[in-house]
Amino acid sequence: MAQHTENRTAGRPPTMPSDIKGKLSVFDRFATAASALASKAGFFVFCVLLVLVWAPTIFLLPSVDTWQLVINTATTIITFLLVALLQNTQSRSDAAVQQKLNAIADGLADLMREMSSEHPELLRHRRELADAVGLENRESAG
């Protein structure tokens with residue numbers, strides 16, 4: 001396993017959970033907080049209240065087109081910003097899950113290699129695992 005760690009840290013993106021540094025950028029922390037906020041009932045209530053406050057403004061605005069433009073603009077801006085923030089959080093989450101899966105596959109491949117003297121069929125299964133998850137590419141790169 002030690003030989004794999006050397007390859008992982010040689011100027012390549014991290015592939016194992018232990019290769020990841022725990023420090024998030026200010027934007028990443030903000031995106032995480034926004035994602036947590038958007039997933040709560042309070043945010044949904046805010047959205048409903050926005051629509052309820054907007055609906056009666058039809059009597060205050062000069063035309064229906066202006067009235068529709070107000071809600072369309074507000075919801076478009078909120079959606080646009082939330083998509084960017086939530087995508088950041090989702091991408092980081094996907095990367096973390098992939099790194100954990102890589103660690104599991106790497107550990108399983110090492111175990112299969114160790115046990116192959118007692119169970120020769122494990123070498124074939126290890127090759128299949130390596131092909132399926134690209135272990136050989138990660139092990140040889142660097």
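This is a predicted model: local features need pLDDT of at least 70, side-chain atom pairs count only at pLDDT 80 or more; totals for chains, interfaces and linings use all residues.
Let's start with the whole chain. It has six helices and zero strands. Read along the sequence, the pattern is α-α-α-α-α-α. The chain has 142 residues, and buried ones make up 25% of them. Now look at contacts between residues at least 6 apart in sequence. Of those, 63% join residues at least 24 apart.

Next, helix packing. Two packed helices are described by the angle between their axes and the distance between the axes. Keep those two numbers in mind.

Partner one is H3. How do H3 and H4 cross? Their axes come within 10 Å, and the angle is roughly 165°. Anything over 145 degrees counts as roughly antiparallel. So H3 is roughly antiparallel to H4. The crossing of H3 past H4 is right-handed.

Which residues do the touching? On the H3 side, find Phe 43, Phe 46, Leu 50 and Trp 54. On the H4 side, find Trp 67, Gln 68, Val 70, Ile 71, Ile 78 and Leu 82. Sort that contact by class and you get nine nonpolar residues, one polar and no charged.

Stay with those names for a moment, and turn to the aromatic rings. A pair of aromatic rings is described by the distance of the centres and the angle of the planes. How many aromatic pairs are there? The count comes to two.

Take Phe 43 and Phe 46. Their ring centres are 6.1 Å apart and their planes sit at 35°, so this pair is tilted. Stacked would need planes under 30 degrees apart. Both residues belong to helix H3, which covers residues 41-54. They are three residues apart, which means about one helical turn separates them.

Partner two is H2. The axes of H2 and H4 are 8 Å apart, and the packing angle is about 105°. The range 65 to 115 degrees counts as roughly perpendicular. So H2 is roughly perpendicular to H4.

The H2 side of this contact is Phe 27, Asp 28, Phe 30, Ala 31, Thr 32, Ala 34, Ser 35 and Ala 38. The H4 side is Leu 82, Leu 85, Leu 86, Asn 88, Thr 89 and Arg 92. By class, that gives eight nonpolar residues, four polar and two charged.

Zoom in on Ala 38. Where is Ala 38? It lies in helix H2, residues 26-38. Its relative accessibility is 21%, so Ala 38 counts as partly exposed. The cut-off for buried is under 20%. What does Ala 38 touch, leaving aside its neighbours within four places in sequence? The answer is Phe 43 and Leu 82. Leu 82 is 44 residues away from Ala 38 in sequence, yet the two C-alpha atoms are 8.2 Å apart in space.

Helix H4 spans residues 64-115, and helix H5 spans residues 121-133. Their axes are 9 Å apart, at an angle of about 160°. That makes H4 roughly antiparallel to H5. This crossing, H4 past H5, is left-handed.

From H4, the contact uses Ala 105, Leu 108, Ala 109, Met 112, Arg 113 and Met 115. From H5, it uses Leu 122, His 125, Arg 126, Leu 129 and Val 133. The classes are eight nonpolar, one polar and two charged.

To wrap up. H4 is roughly antiparallel to H3. H4 is roughly perpendicular to H2. And H4 is roughly antiparallel to H5. Find H4 in the structure above, then trace each partner in turn.

Conventions: Residues are numbered from 1 along each chain as its sequence is written. Side-chain values use heavy atoms; hydrogens and water are left out. Axes are lines fitted to C-alpha atoms, for helices over the stretch in contact, and angles run from 0 to 180 degrees between N-to-C directions. Helices (H or I, at least four residues) and strands (E, at least two) are DSSP runs, numbered from the N terminus. Angles under 35 degrees count as roughly parallel, over 145 as roughly antiparallel, 65 to 115 as roughly perpendicular and the rest as oblique. A crossing is left-handed if the near helix is turned anticlockwise from the far one by less than a right angle, and right-handed if clockwise. Contact means heavy atoms within 4.5 Å. Ala, Val, Leu, Ile, Met, Phe, Trp, Tyr, Cys and Pro count as nonpolar, Asp, Glu, Lys and Arg as charged, and the others, Gly among them, as polar. Rings of Phe, Tyr and Trp (its six-membered ring) pair if their centres lie within 6.5 Å; planes under 30 degrees apart count as stacked, over 60 as edge-to-face and the rest as tilted. Buried means under 20% relative accessible area, exposed over 50%, partly exposed in between (1.4 Å probe, protein chains only).
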